Amino acid sequence: MDKRKRIFHFALEGNALKAIELTEQLAKDILENNKDLQFDLLSLHFVELVCSRKCTEALEFAQTKLGPFGKEPKYMEKLEDFMALLAYKEPEKSPMFHLLSLEYRQQVADSLNRAILAHLNLPSYTAMERLIQQATVVRQCLSQEAGKDAPPPFSLKDFLRS
């Protein structure tokens, strides 16, 4: 569990190469068997290079590590989006700014965490996550039935703030 947490945090912080290294130590074939996840992690590293203004290094990394994914049509559009970041002096102001966001890193880190859990034959959602998902669905159904008089939809962020 500690190693999985460290992997998650490395991915979330944008240190994708360290996340990849630890993932391969924990489960050697997980990234080889999940090319989408491998691409996402490698693209996180590319984004970090771009944000660090290491454009030459980013381009070399893209050619060596991301380039092979370009042979598959499903990765072409994503590759074009990532490569477009190089065209901007301030990538955070580009149309592809969402690729630099914490939300994107969170999505990749969550996918990696779920893949590791599945590889270890553990449930990919905790009991608490399932409970919140079920409660949210029930509340949405009830609010649809109640119409205008329904309470506002459940928000975990709002709940935790109160």
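## The loop between α6 and α7

In this predicted model, N121 sits in the loop that joins α6 to α7, where helices are DSSP runs of H or I with at least four residues, strands are DSSP runs of E with at least two, and both are numbered from the N terminus. N121 has a positive phi of about 55° although it is not a glycine. Because its relative accessibility is 70%, N121 counts as exposed, on a scale where buried means under 20% relative accessible area, exposed over 50%, and partly exposed in between, computed with a 1.4 Å probe on protein chains only.

Residues are numbered from 1 along each chain as its sequence is written. As the model is predicted, local features need pLDDT of at least 70 and side-chain atom pairs count only at pLDDT 80 or more, while totals for chains, interfaces and linings use all residues, and side-chain values use heavy atoms, with hydrogens and water left out.

## Overall architecture

The protein contains eight helices and zero strands, and from the N terminus on its elements run α-α-α-α-α-α-α-α. Along the principal axes, the C-alpha trace spans about 55 × 40 × 30 Å, and 33% of the 162 residues count as buried.

The protein is divided into domain 1, covering 1–124, and domain 2, covering 126–161, with bounds that come from an automatic or database domain assignment. The C-alpha centres of domain 1 and domain 2 lie 32 Å apart. Separately, an unreviewed UniProt entry lists residues 1–57 as "domain: CTLH"; UniProt positions are given in the numbering used here, feature names are shortened, and such annotations may be inferred rather than shown by experiment. The span of residues 1–57 is 75% helix and 0% strand, and its end C-alpha atoms lie 33 Å apart.

## Aromatic pairs

A search of the whole structure finds six aromatic pairs, a pair being two rings of Phe, Tyr or Trp (its six-membered ring) whose centres lie within 6.5 Å, with planes under 30 degrees apart counted as stacked, over 60 as edge-to-face and the rest as tilted. One of these pairs is formed by F39 and Y75, which is tilted, with 5.0 Å centre to centre and 35° between the planes. This pair links distant parts of the chain, since F39 belongs to helix α3 (residues 35–51) and Y75 to helix α5 (residues 73–84), 36 residues apart. Both F39 and Y75 are buried.

F39 also pairs with F82, and because their ring centres are 6.1 Å apart and their planes stand at 70°, this pair is edge-to-face. Here too the pair links distant parts of the chain, with F39 in helix α3 and F82 in helix α5, 43 residues apart. Both F39 and F82 are buried. Ring pairs link F39, F46, F69, Y75, F82 and Y104 into a cluster.

## The largest pocket

The largest pocket has a volume of about 220 Å³. On a 1 Å grid over the protein atoms alone, a pocket is an open set of points where a 1.4 Å probe fits, with protein on both sides within 12 Å along at least five of seven lines, and lining residues have an atom within 4 Å of a point; grid points are joined across faces, edges and corners, and the volume is the space filled by probe spheres set on the points.

The lining consists of R4, K5, F8, H9, Q106, D110, N113, R114, L117, S124, T126 and E129. The elements that give two or more residues to this lining are α1 (2–13) and α6 (102–119), and α6 provides the largest share, five residues. By class, the lining has two nonpolar, five polar and five charged residues, where Ala, Val, Leu, Ile, Met, Phe, Trp, Tyr, Cys and Pro count as nonpolar, Asp, Glu, Lys and Arg as charged, and the others, Gly among them, as polar.

## Individual residues

R53 lies in the loop between α3 and α4 (55–66) and has a positive phi of about 65° although it is not a glycine. With a relative accessible area of 44%, R53 is partly exposed. P91, in the loop between α5 and α6, counts as buried because its relative accessibility is 1%. P91 and R53 are 38 residues apart in sequence and 9.5 Å apart in space, C-alpha to C-alpha.

R130 is found in helix α7 (residues 127–146) and, at 40% relative accessibility, counts as partly exposed. R130 and V47 are 83 residues apart in sequence and 32 Å apart in space, C-alpha to C-alpha.
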